[in-house]
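Here are my notes on this model, point by point. Please read them with the structure open.

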Amino acid sequence: MSEAAAVDTHDHGVVRDQLEPSLTPGNLGKLGMWSFLAGDAMTFGAAIAAYGALRIDNPNWPSPAAYLGITTTAIMTFILICSSVTMVEALGSIQTGRMARYRNFMALTVLGGIVFLGMQAFEWHHLLGEKGMSIKVDLFDATFFILTGFHGCHVFGGVVYNSVLLIRGMTGKLTQQKAHLVEVAGLYWHFVDLVWILIFTFIYLI
């Protein structure tokens with residue numbers, strides 16, 4: 001056994017290996033999530049790049065402001081950013097064993113995701129019904145509904161994911177010792193938030 005791999009401590013003649021394994025359950029979970037997010041980032045990146053390639057130098061491309069509700073979407077963006085803040089607070093709370101505080105902030109995170117989805121559903125209803133937009137109309141409509149719909153599916157998945165962690169926390173099945181589960185969920189939720197900021201910037205504002 002090399003000196004770099006272990007530290008020998010002599011306690012009543014017993015030699016103990018103090019090497020801590022690097023692939024703990026928490027690290028494995030984060031590795032798996034980072035791998036998933038890397039692939040997902042390439043998917044979103046390709047979709048946004050395709051949107052830009054279709055739009056650039058296209059004289060017939062409509063102005064997003066003429067169709068999309070910038071104010072409503074700005075509120076949606078603010079709500080999603082706030083939900084990332086509550087996710088950070090939920091993680092900090094469970095890491096320090098403050099379970100009641102964890103449940104409160106996780107509930108706010110879930111609520112933020114639900115409100116976001118509700119507002120997106122309202123926006124789609126308005127665009128489809130009153131604006132006459134459809135995925136079959138033109139490239140602008142198609143790319144808009146594909147990108148925002150794909151992201152909405154991710155938000156829905158995050159709401160379900162966080163709801164499970166919230167319920168486990170309420171039933172006592174999620175404890176401070178399992179805080180790494182919330183950390184892994186937080187990576188996903190922050191990624192969803194970041195992607196939406198990019199979508200909001202490139203599709204709604206530019």
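1. Leucine 205 sits in helix α6, residues 179-205. Helices here are DSSP runs (H or I, at least four residues), numbered from the N terminus. Leucine 205 counts as partly exposed because its relative accessibility is 49%. The cut-offs are under 20% relative accessible area for buried, over 50% for exposed, and partly exposed in between, with a 1.4 Å probe and protein chains only.

2. This is a predicted model: local features need pLDDT of at least 70, side-chain atom pairs count only at pLDDT 80 or more, and totals for chains, interfaces and linings use all residues. Residues are numbered from 1 along each chain as its sequence is written, and side-chain values use heavy atoms, with hydrogens and water left out.

3. Leu205 also belongs to a nonpolar surface patch of about 460 Å². Patch residues have over 30% relative accessible area and no salt bridge; nonpolar side chains (Val, Leu, Ile, Met, Phe, Trp, Tyr) are joined within 5 Å, like charges within 9 Å. A salt bridge is a side-chain nitrogen of Lys or Arg within 4 Å of a carboxyl oxygen of Asp or Glu. Accessible areas come from the Shrake-Rupley method with a 1.4 Å probe; for residues, only the protein chains shown count as cover.

4. How many disulfides does the structure hold? The count is 0, where a disulfide is a pair of cysteine sulfur atoms within 2.5 Å. Cysteine 82 is partly exposed, at 33% relative accessibility. Cysteine 153 is exposed, at 54%.

5. Now the aromatic rings. Rings of Phe, Tyr and Trp (its six-membered ring) pair if their centres lie within 6.5 Å; planes under 30 degrees apart are stacked, over 60 edge-to-face, and the rest tilted. By this rule there are 13 aromatic pairs. One of them joins tryptophan 61 and phenylalanine 140, edge-to-face, at 5.8 Å centre to centre and 90 degrees between the planes. Tryptophan 61 is in the loop between α1 (25-55) and α2 (64-67) and phenylalanine 140 is in helix α5 (residues 139-170), so the pair ties together parts 79 residues apart in sequence. Tryptophan 61 is buried at 12% relative accessibility. Phenylalanine 140 is buried at 2%.

6. Tryptophan 124 and phenylalanine 145 are edge-to-face because their ring centres are 5.0 Å apart and their planes at 85 degrees. Tryptophan 124 is in helix α4 (residues 99-129) and phenylalanine 145 in helix α5, so this pair links parts 21 residues apart in sequence. Tryptophan 124 is partly exposed at 26%, while phenylalanine 145 is buried at 6%.

Definitions and conventions: Helices (H or I, at least four residues) and strands (E, at least two) are DSSP runs, numbered from the N terminus.
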